[in-house]
Amino acid sequence: MTDRIYNFSAGPAVLPLPVLEEVQRDLIALPGVGMSVMEISHRSAPFEAIIGAAEADIRALAGIPDNYKVLFLQGGATLQFSMVPLNLLTEGRTADYIMTGSWADKALKEAKRVGATHETGSTADTGYNRIPTDAELEFTPGAAYVHMTANNTIEGTEWHRLPQVPEDVPLVADASSDIFSGPVDISKFGLVYAGAQKNLGPSGVTLVIVRDDLLARSAKSLHTMLNYAVHAENGSMYNTPPAFGVYVLGLVVKWLRANGGLEGIAAVNARKAGALYAELDRTGFWKPTAQPDSRSQMNVTFRLATEDLEKRFVKEATAAGFDGLKGHRAVGGMRASIYNAFPEQGVTDLVAFMREFERVNG
Ligand SMILES: *Cc1c(COP(=O)(O)O)cnc(C)c1O
């Protein structure tokens, strides 16, 4: 496939080529079905098999304990900003939000519409360029939950440990941009959610992994589609699920399992991010924006001495087949998103391109 360029987009993002090839091959007619996945009833046996396999592969890949439900919802991670507090922030309690970036800001904004919130560990004063230390985190005793953003897609920071939340307070993670990028102990969380379009599949499907006991908090008075318990009772099929998205997500997870699982992909991700940060640190020409101990392995953010030089770099890189390197409009600069499916060769080639750009412009 010589006409595929290197796609550094933050999301929707690159998918594994073998997955795209399988989707293409089976798009007109699923083997043994004779129709495409988009044309069959979600109540049919073939689709039951597809969603069942997707869930089973997710459970096997991440070792998800039996007392957790795996849900395939819609509305993106953004709807989870509302569903989490609507379901879990019960009367008289407070929800703690760890403020590490723009997505955490948005999550908090929705929670405030529902009930009492408490902000902790904000690193806004340094432009969200780091993850807070344990000493900076103050939790509300008996909080409804603590919300964290596992990887800050826009600012390029990532948690490399878990916050030490009080016992009996569930930890809720927005893992949209680093889910399944390495081993994860789901039992440490009450709920994990992720829009699929960064590390799992196409847009339109949102993965929610939730501990059984938390479903008891969902009030009967909630709108049906906003109620986790309803989605869990109905196996994500209270209404028509995002069938195509579930299908592709299932193939991505199968691809991960066939390629060394989470340990395997963690090693690849460490090599890719390591090579890129090493180049960024080499001479001082490049200016990586995240503090070294908080750097993201998924979204590598960096600047140059002037905005003119940044513009030139993005323009020349794009022309050379490195697409999507412009930073988020809120922060400027550059961002190389190198999710699970991003090929290692693309990082090697980008580093060589950067080396040459520095030689000419340094
Ligand atoms: C992209 C992103 C979101 C928003 O996801 P949508 O699926 O577009 O709603 C939320 N949180 C994080 C960390 C993200 O990277």
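A polar side-chain atom of Asp174 sits 2.6 Å from a nitrogen atom of the ligand, a polar contact (a pair of N or O atoms within 3.5 Å). Taken alone, the ligand exposes 380 Å², and the protein buries 87% of that (Shrake-Rupley areas, 1.4 Å probe). Bear in mind that this is a predicted model, where local features need pLDDT of at least 70, side-chain atom pairs count only at pLDDT 80 or more, and totals for chains, interfaces and linings use all residues. Residues are numbered from 1 along each chain as its sequence is written, and side-chain values use heavy atoms, with hydrogens and water left out.

**Around the ligand**
- Thr78, Thr153, Asp174, Gln197 and Lys198 come nearest among the 13 residues around the ligand (a heavy atom within 4 Å).
- An N or O atom in the side chain of Gln197 is 2.8 Å from an oxygen atom of the ligand.
- Ala77 uses its backbone instead: an N or O atom there lies 3.1 Å from a ligand oxygen atom.
- Helix α3 (residues 76-88) gives the largest share of the shell, 4 residues; helices are DSSP runs of H or I, at least four residues, and strands are E runs of at least two, numbered from the N terminus.
- Sorted by class, the shell has 3 nonpolar, 8 polar and 2 charged residues, with Gly counted as polar.

**Strands β12 and β14**
- β12 (residues 299-303) pairs with β14 in the antiparallel sense over 4 bridges; pairing takes at least two DSSP bridges.
- Val300 stands opposite Ala336 in β14.
- In β14 (residues 334-337), Met334 and Ala336 point one way and Arg335 and Ser337 the other, and all are buried (under 20% relative accessible area, 1.4 Å probe, protein chains only).

Terms used
Buried means under 20% relative accessible area, exposed over 50%, partly exposed in between (1.4 Å probe, protein chains only). A polar contact is a pair of N or O atoms within 3.5 Å; within protein, one must be able to donate a hydrogen and the other to accept it, and residues adjacent in sequence count only if both atoms are side-chain atoms.
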